[in-house]
Structures are given as structure tokens and as C-alpha cells.
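Q: I'd like a close look at one part of this model, together with whatever sits around it. Take me through it in plain terms, please.

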Amino acid sequence: MSSFELVDAEKHRKIKQSGVSFLEAILNYKDGDQGFDSAQQRAKRQGVSAYDVQALEDLKPLISSSDATSTSIVYPQLGGLTENEGALIVVLEVTRQSGTKLRTSTLTLDVRMKLFDGIWKVSRIKGTDNLAETETGHSASPGASPGYETLSQDERDFVSAQDIDLPDSAISDILTGDIQPLPLKISNEFAKNYKISVAVLRTGHPRNVFATERVSNHTRGRAIDVWEIDGVAIAELATRPKENNPAYELMSLALEMGADEVGGPWRIATQFGATFSNEVHQDHIHIGVEPK
């Protein structure tokens, strides 16, 4: 396991690095260091405070009592930010080793952060009970997953596409939930020319739009977040000119195909509608559909 490194273009590096460091410290352990007691010792060595001890409890369902575990951070997407609180939507790859057998899953975590004496700390990690149930490695062979035969063609294309990289959490959302088809159609169309990496559909996203009482369209199964195109992070693409920029192209395509909640690094207005942009959406593209 190697430590995750943020690209130079990333904004809000301190909050992201703090969340990443916490997860890497707790969710990597050799044979003999399994179990929650050992996790508590790793946390003490890292200096876990009263502000993030609850987060350690939240991770309990993901801390194996029997398997050695290697965890690599795929990407820590910003999910919300105020002056002293934030949320990270963290995609991570978890590999369990039991004897000579390996099992790998890619999960998305809703990681809550608080600023304490100028230092960002992990305060909570939401929804890990459900996440433990999705740790099934759907991405290795989605066509063999229970429920695949009942999917629509758009859903099958989405979970099986070679050029759409999905966490197992997102595939579970498709297999078990009511996901609005338009964001999937847009992703499928865009993936004809580009490879995209998805951070989250429903599982792993805050229930509400951060710091508001409004239920997120992710929670309703009506939105998708893309954090990378053709191996380049949106955070990096956001610093480049809009001309011939695939991130700008994806936002424009989403509007053209009928998405009415599109967010990202730029404000775009076309005959098909307009996008929104803010600090939170400088590292990903949000494609959503408002309920009618």
C-alpha cells in the first residue's frame, strides 16, 4: 500500500489529506493486527482525539477480525464545506487476505470533517453498516451479480462498460435501488469517446446537500458524480482552458441530453439550460435530475 498523493491542482488540500491519512492508518493492517483493539492502538499512535474517536467507532464494520487488509485511497472528492465543517466522498479499494485468498472491493465513504484549533479532524463516517454489506466485489464481474438480469439495457451498459470505472458501492446502488436512468444514459454516451471514473451515485454521499435541510438528489437516486476523465482528475482539468476540455464537454453534453442539475468547475449557459459552479464542485462533475 502506498500513500495517496493529491495532484498539484487540488484545492482544499489540508482537509483532504487529513481524511486520507486517517483512513490509511486505520484500514491497513497485517496478519496479527486484525480487530478493533488493534485499530484503537493504531489510532492512538496517530493521535486520535475526542473529535475523531467516534469516526473510529463508525469504521468498526469495515475492520476485519480475521483478514489482513490493505486499503488504497482512489480519490477523496469534496462533498461539502463550510468555515469549520466539511464532508469528503472517499473512494477506496479494500483488499482482504484470508490465507492465500484475496478479495478486493471498491467502496465509497461519507467522511465528515471538523476544524479544531486550525487542524482538520475526521468526526464521523456515515453509513458504514450498509457499506459492509456491499463489500462484494461487483466490479470484478457485474454480469454475475444477483439482480443483473433484471436491469434495463441502460443499466447493464453502465455497470458493464469498459470505459466507466465504478466503485462496487455504485454498482450495488444500480442492482438494488431505483436509480434515475438519465445520468446513466449521459455517462454511457460520453464513455463512447472517453473513459470516466465515477465517485458516487447514492451510497457514500451525504443524505442532504451539505449544511442544508434539502435532501440530495444522490439520496433520491437521481445524480452521479464523475471525478476523472481519461486518467486526468477534474481538479486538474478545471485549471485548463475550456476549449477541447473533456470536463467542459461532459457538462455541456449533460445539459444537451436533458439533465437540469449540472455542476462543475464552470458556469455554462446554453439553449438547453445552465450549470452551477462553486468551491465544492471544482474537483468533480455532478449530473443530476430534479424530481418533477
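A: Let's start with a pairing: strand 2 and strand 3 (residues 101-116) run antiparallel and are joined over 14 bridges. Strands here are DSSP E runs of at least two residues, and helices are H or I runs of at least four, numbered from the N terminus; two strands pair if DSSP finds at least two bridges between them. Bear in mind that this is a predicted model, with local features needing pLDDT of at least 70 and side-chain atom pairs pLDDT 80 or more, while totals for chains, interfaces and linings use all residues. Numbering starts from 1 along each chain as its sequence is written, and side-chain values use heavy atoms, leaving out hydrogens and water.

Strand 2 is the part to keep your eye on.

Now for its neighbours. On the strand 3 side, Gly-86 sits opposite Met-113. The two strands make a hairpin with two residues between them, and in that turn Gly-99 has a positive phi of about 65°. With strand 1 (residues 68-81), strand 2 is joined by twelve bridges, again antiparallel. If you want landmarks on that side, Leu-92 of strand 2 is the bridge partner of Ile-73, and Arg-96 of strand 2 stands opposite Thr-69. Strand 1 and strand 2 form a hairpin too, with three residues between them.

Four strands make up an open sheet, ordered 1-2-3-4, with antiparallel pairing. Strand 1 and strand 4 (119-126) are at the edges, each pairing on one side only. From one strand to the next, the twist averages 30°, with angles taken from 0 to 180 degrees between N-to-C directions of lines fitted to C-alpha atoms (for helices, over the stretch in contact). Helix 1 (residues 13-26) packs on this sheet and touches strand 1, strand 2, strand 3 and strand 4 (contact: heavy atoms within 4.5 Å); the direction of helix 1 makes about 155° with that of strand 1.

A search of the whole structure turns up one cavity of 30 Å³ or more. A cavity here is a set of points on a 1 Å grid where a 1.4 Å probe fits but cannot get out, and lining residues have an atom within 4 Å of a point. The largest cavity holds about 40 Å³ of space, counted as the space filled by probe spheres set on the points. Who lines the largest cavity? Leu-27, Leu-62, Thr-71, Leu-92, Val-94, Arg-96 and Leu-107 do. Strand 2 gives the most to that lining, with three residues. Sorted by class, the lining has five nonpolar residues, one polar and one charged, where Asp, Glu, Lys and Arg count as charged, and Ala, Val, Leu, Ile, Met, Phe, Trp, Tyr, Cys and Pro as nonpolar, with the others polar.

Technical notes: On a 1 Å grid over the protein atoms alone, a cavity is a set of points where a 1.4 Å probe fits but cannot get out, and a pocket is an open set with protein on both sides within 12 Å along at least five of seven lines; lining residues have an atom within 4 Å of a point.
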